[in-house]
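Have a look at the model first, then try each task before you read its solution.

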Amino acid sequence: MSLNKSLLFAALGLLATFGLSQAERVHYDNYRLYKATSENEEQLAVLKELEGSSDSIIFLDGVHLVGADVQMVVAPHKVPDVLEILGKAEIKYELQSKDFQKSLDEIDEKVAPKGRAGSEYNWGQYYELDDTYAWMQSLAKQNPKIVTLIEGGKTYQGRSILGLKISKSGSEKPGIFIEAGIHAREWIAPAAATFIVNQLLTSNVDSIKQLADNYNWYVFPHANPDGYVYTHTKDRLWRKTRTPYGSCFGADPNRNWGFHWNEVGASDSACSDTYAGPKAFSEIETLSLSNYIASIKDKIQLYVSLHAYSQYLLYPYGHTKSLPDNVKDFQQVFNAAISAVSQRYNTKYTGGNIYDAIYPAAGASVDWAYGTQGVRMAFCYELRPSSNSYATGFKLPASQIIPASEELLDSITAMVSQVEKLGYFK
């Protein structure tokens, strides 16, 4: 065999090995889960520096506030370094799990076999992106006078950001926009969005029929398709987009919107889960979807963003303690919505303005819709489970999809009623 051929086969072998390694799924065997709490600004700065310093240290919470617990998943070889840093800074920490993968495996998410959605699509299991898109396309074909398939944007990897417009009469009516799945690992958010779509089309409950008859709905279950696919094929805990930035990948698409971008609550490190990106709307996902929203902004009066987890209902702002000029109306709607969410299963939600209720976070879609597009009612739900669900909060059992979605729709029904009473739909 010639030298050139030998080199060629060696190169092919390396490529094959590389391709295999790229296809392998990330596992967290023997990774430690720690909870750490800063007590002053100096300790907070140490945690911020640690966040994004290595892809072997994964923060499950944003590092924003003194006194707030943060969870971090640490690879076995990084444990001594992390504990030394925490010890020198006198940061209190607690071991939550010695084997993070085992903690994850204890949750039964139940993913439907790929390519078998069709008429069997249901909410007893989670679905991969292509199956949900196939179901959405089938709804448009089956209900051509009611359902319109929309391409609201594109992704870095060339996928479509698909949504559905649901309009029972076809006439111009007040509009409600639902965006879900912008953080890839929050699987319950797109599942709940598709549940709402199904209920609007099939429910015989009077209150839901009124929602379908009296409003135009724009529903986008997957605002971050590339990231969602990656959570199924590679890393269940992936949050960001998949745009390459040096040796790291992705920006946080809910810190990338062009309203007070990167002022607070985001990171400049491309390895961080809260990386704001190199500039506002650097991500094609947020740029293209924002352009679509801007094109219909006069048709939208209520914007709802679905996330997980912690059971919060939030409203602007995330970049400042200052409150919206119509904060009394926000509070009235908030009170009705969190009261309704507890009626069916006694699930308790809390919340308020983003900055005070959870943490400072600039560049979110809700703030952008309210602050730049004239959508005077904009809310963010953080769905089940509660904030006490350490380690496995992003993995909600499939058995909870329906109850979580039912109580969400109860809440949105009450929300829409209050927004109507306050005159925002006129």
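Predicted model: local features only at pLDDT ≥ 70, side-chain atom pairs only at ≥ 80, totals over all residues.

**Exercise 1.** Work out how helix 10 and helix 13 are oriented to each other, and which residues bring them together.

*Solution.* Start with the spans: helix 10 covers residues 327-341 and helix 13 covers residues 401-421. Next, take the geometry: their axes are 7 Å apart and the packing angle is about 150°. Angles over 145 degrees count as roughly antiparallel, so that's what helix 10 and helix 13 are. Now the handedness: helix 10 crosses helix 13 in a right-handed way. Finally, list the contacts. Helix 10 brings Q332, V333, A336, A337, I338, A340 and V341, which meet E407, L408, D410, S411, A414, M415, Q418 and V419 of helix 13. Sorted by class, the residues of this contact come out as 10 nonpolar, 3 polar and 2 charged.

**Exercise 2.** Describe how helix 6 packs on helix 13.

*Solution.* First the numbers: helix 6 and helix 13 have axes 9 Å apart, at an angle of about 65°. The crossing is right-handed. On the helix 6 side, look for I188, A191, A192, F195, I196 and Q199. On the helix 13 side, pick out I401, I402, A404, S405, E406, L408, L409 and I412. The class tally for this contact is 11 nonpolar, 2 polar and 1 charged.

**Exercise 3.** Is the crossing of helix 7 and helix 13 left-handed or right-handed, and which residues make the contact?

*Solution.* Find helix 7 at residues 206-214; the axes of helix 7 and helix 13 lie 11 Å apart, with an angle of about 60° between them. The crossing itself is left-handed. S207, I208 and L211 of helix 7 touch L409, T413 and V416 of helix 13. Count the classes and you get 4 nonpolar, 2 polar and no charged residues.

**Exercise 4.** Find the largest cavity and say what lines it.

*Solution.* With a cut-off of 30 Å³ or more, the count is 1 cavity. The volume of the largest cavity is about 90 Å³. Its lining has 14 residues, with Y121, Y127, T132, A191 and T194 nearest the centre. By class, that lining splits into 9 nonpolar, 5 polar and no charged residues. Then ask which helix gives the most to the lining. That's helix 6 (residues 188-202), with 3 residues. One link back to Exercise 2: A191 lies among the residues nearest the cavity centre, and A191 is also part of the helix 6 contact with helix 13.

How values were computed:
Residues numbered from 1 in each chain as written. Heavy atoms only, no water. 1 Å grid on protein atoms, 1.4 Å probe; cavity = no way out; pocket = protein on both sides within 12 Å on 5 of 7 lines; lining within 4 Å. Points joined across faces, edges and corners; volume = space filled by probe spheres on them. Helix = DSSP H or I, 4+ residues; strand = E, 2+ residues; numbered from the N terminus. Nonpolar A, V, L, I, M, F, W, Y, C, P; charged D, E, K, R; others polar. Axes fitted to C-alpha atoms, helices over the stretch in contact; angles between N-to-C directions. Parallel < 35°, antiparallel > 145°, perpendicular 65-115°, else oblique. Left-handed = near helix turned anticlockwise from the far one by under 90°. Contact = heavy atoms within 4.5 Å.
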